[in-house]
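Please look over the sequence and the model shown below before reading on. The report then goes through strands, helices and some backbone details in turn.

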Amino acid sequence: MATYNTNEFKAGLKVMLDGDPCTIIENQFVKPGKGQAFNRVKIRNLRTGRVIERTFKSGDSMEAADVIDTEMQYLYNDGEFWHFMQPETYEQVAADKNAVAETAKWLKEQDICVVTLWNGVPLTVEPPQIVTLKVTETDPGVRGDTSGGGGKPATLETGAVVRVPLFVQTGETIKVNTRTGEYISRA
Amino acid sequence: MKLDTHSDWRPATSLEVLKRRARMLARIRGFFARRNVLEVETPILSPTAATDPHLQSFATRYTGPGKPDGCMFYLQTSPEFPMKRLLASGSGSIYQICKAFRNGEAGRLHNPEFTLLEWYRVGFDHHRLMDETAELVTEVLEGQFRLGPVEKLSYREAFLRYCGLDPHTAGTDEFAACARERGIRVDGLSRGTLDSWRDLLLTHVIQPQLGKGRLTFLYDYPASQAALARVRPGNPPVAERFELYLEGAELANGFHELDNAGEQHRRFERDLARRKHIGLPGVPPDGSLLAALEHGLPACAGVALGVDRLVMLATGGASLAEAMAFPIDRA
């Protein structure tokens, strides 16, 4: 079992805490003038997303978490699981609702996503930063308005709803920033 | 030869901060010159090392004239022992500004190599030295940092005020319950010593509250944390030791100095036994210090102050790295 000593602690390190895979967000070395040194660590639980603080005696260790980020192609949703494939090896994994969570509304077949695997099982799925999606429903709006001000809601093929300029019509494809949920441009 | 040309060669801080640092060092020297305290220099390399289990010395090897097979030298963790040898030889009050080295210490308030101001006052006890420390820091920070009236709290008063417990009588369960109530979750202390628990609460709960806009002294530590201080008999006995805090950062640590060679010898042995118990390498203790104490150390108090931390606070830096030209990652 691989472990990390407190001297190896740094932001981004993947560790096991209370049976859950976690990532270190912040590591602070504290030591009284004469006495015991500690590492005060901020940790995000990768399953629940919760951030907690924990203190370790300097010199102690944490178990390493077998967590890797890997680029995978989204294939399809069978109603229960979302299936992804490693493009080089054709290896497939199935992500459940917890892992996909909010990302579901951006997932378009064949897009390349970052799937975080823990012991080979998907833990989280991150969509591409920019996705190109078709508008399936939006009010007709006013023709000729190109100011971009105001805007209107539009439902996209994956189910996401974003605000688009009034000139965007049903059936068009647009680019959206998945990090902010904002419309970028017509595709 | 392949050199890493990607490393950042520039200083970590601005020239303005370095100029202010230089002015602060000049003020320190002026302060002691006016008080007739002698500036001294002592060796950074020593064949002996600090025995304190919480201090790890850097070690290096000397080979050359007189030592054809080489011998170990340790970089000082503080200049305390040679300065006490000067005091025992009749130097009178002395001060030194020097580099000290502590392996394994790096972070916002730590750099493995740092600048210490250390001084000894013959005839002072720890209370009189606290007063002088406050005068020095106030003078050095003048015009840079507004300070309210000085606060003095005994170690016990600080724990009663901020943790609601008596640090001299509380047991592990009480310390653990206090930590839990304050949302502190700690691993690896279940079999920890009482001092580890005291250190946890001091660093996590009390320290951030100390020295807000003023100098706060903690004094009279548990006898188990005496380090090199005298222990005053009583119920409980306390170590005549103090620490100075400003804006939650520990700035200085001082002692009413232990002058008993037999007691010093026992503390060396206790330290070395503890080092062995927790799997740390043994180190050669300083026999010259014991000989000097046998000869006779004048009654005195001494204090070491972290100059980099003082510069950091004076110049509004967020970390020690902003107070020094080249912190360890640019050294």
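Is A:Asp18 buried or exposed? A:Asp18 is exposed, because its relative accessible area is 55%, where buried means under 20% relative accessible area, exposed means over 50%, and partly exposed lies in between (1.4 Å probe, protein chains only).

## How to read the model

This is a predicted model, in which local features need pLDDT of at least 70 and side-chain atom pairs count only at pLDDT 80 or more, while totals for chains, interfaces and linings use all residues. Residues are numbered from 1 along each chain as its sequence is written, chains are lettered from A and ligands numbered from 1 in the order in which they are written, and side-chain values use heavy atoms, with hydrogens and water left out.

Helices (H or I, at least four residues) and strands (E, at least two) are DSSP runs, numbered from the N terminus.

## Strands of chain A

Strands of a sheet pair through backbone hydrogen bonds, either parallel or antiparallel. Here two strands are said to pair if DSSP finds at least two bridges between them. Strand E7 (residues 67-77) of chain A is joined to strand E8(A) by 4 bridges, and the two run antiparallel; within this pair, A:Asn77 has A:Trp82 as its bridge partner. The two strands form a hairpin with 4 residues between them, and A:Gly79 in the turn has a positive phi of about 100°.

On its way through the chain, E8(A) is also joined by 4 bridges to strand E9 (residues 92-95) of chain A, again in the antiparallel sense, with A:Trp82 standing opposite A:Ala95 in E9(A). The hairpin of E8(A) and E9(A) has 6 residues between the strands, and A:Tyr90 in this hairpin takes a positive phi near 65°.

Strand E10 (residues 112-118) of chain A is largely enclosed by the rest of the structure, because 5 of its 7 residues are buried. E10(A) pairs in turn with strand E11 (residues 121-126) of chain A, antiparallel and over 5 bridges, where A:Val115 stands opposite A:Val125. The hairpin of E10(A) and E11(A) has 2 residues between the strands, and A:Asn119 in the turn has a positive phi of about 50°.

Most residues other than glycine have a negative phi, and most peptide bonds are trans. A:Asp18, although it is not a glycine, has a positive phi of about 50°, and A:Asp18 is found in the loop between strand E2 (14-17) and strand E3 (20-30) of chain A. A:Gln110 is likewise not a glycine and has a positive phi of about 85°; the place of A:Gln110 is in the loop between helix H1 (97-100) and E10 of chain A, and at 60% relative accessibility A:Gln110 counts as exposed.

In chain B, a cis peptide bond, with omega about 0°, joins B:Asn235 and B:Pro236. B:Pro236 lies in the loop between strand E10 (231-232) and strand E11 (238-246) of chain B.

Two packed helices are described by the angle between their axes and the distance between the axes. The axes of helix H2 (residues 80-88) and helix H8 (residues 287-295) of chain B come within 9 Å and cross at roughly 25°, the axes being lines fitted to C-alpha atoms over the stretch in contact, with angles from 0 to 180 degrees between N-to-C directions. H2(B) and H8(B) are therefore roughly parallel to each other, a term for angles under 35 degrees, with over 145 counted as roughly antiparallel, 65 to 115 as roughly perpendicular and the rest as oblique. In their contact (heavy atoms within 4.5 Å), B:Phe81, B:Lys84, B:Arg85 and B:Ala88 of H2(B) meet B:Ser288, B:Leu289, B:Ala292 and B:His295 of H8(B).

Elsewhere in chain B, 3 strands form an open sheet in the order E2-E4-E3, with antiparallel pairing. Strand E2 (45-46) and strand E3 (59-64) stand at the edges, each with a single partner strand, so one side of each is left without a neighbour in the sheet. E3(B) pairs with strand E4 (residues 67-75) over 5 bridges, and B:Tyr62 has B:Cys71 in E4(B) as its bridge partner.
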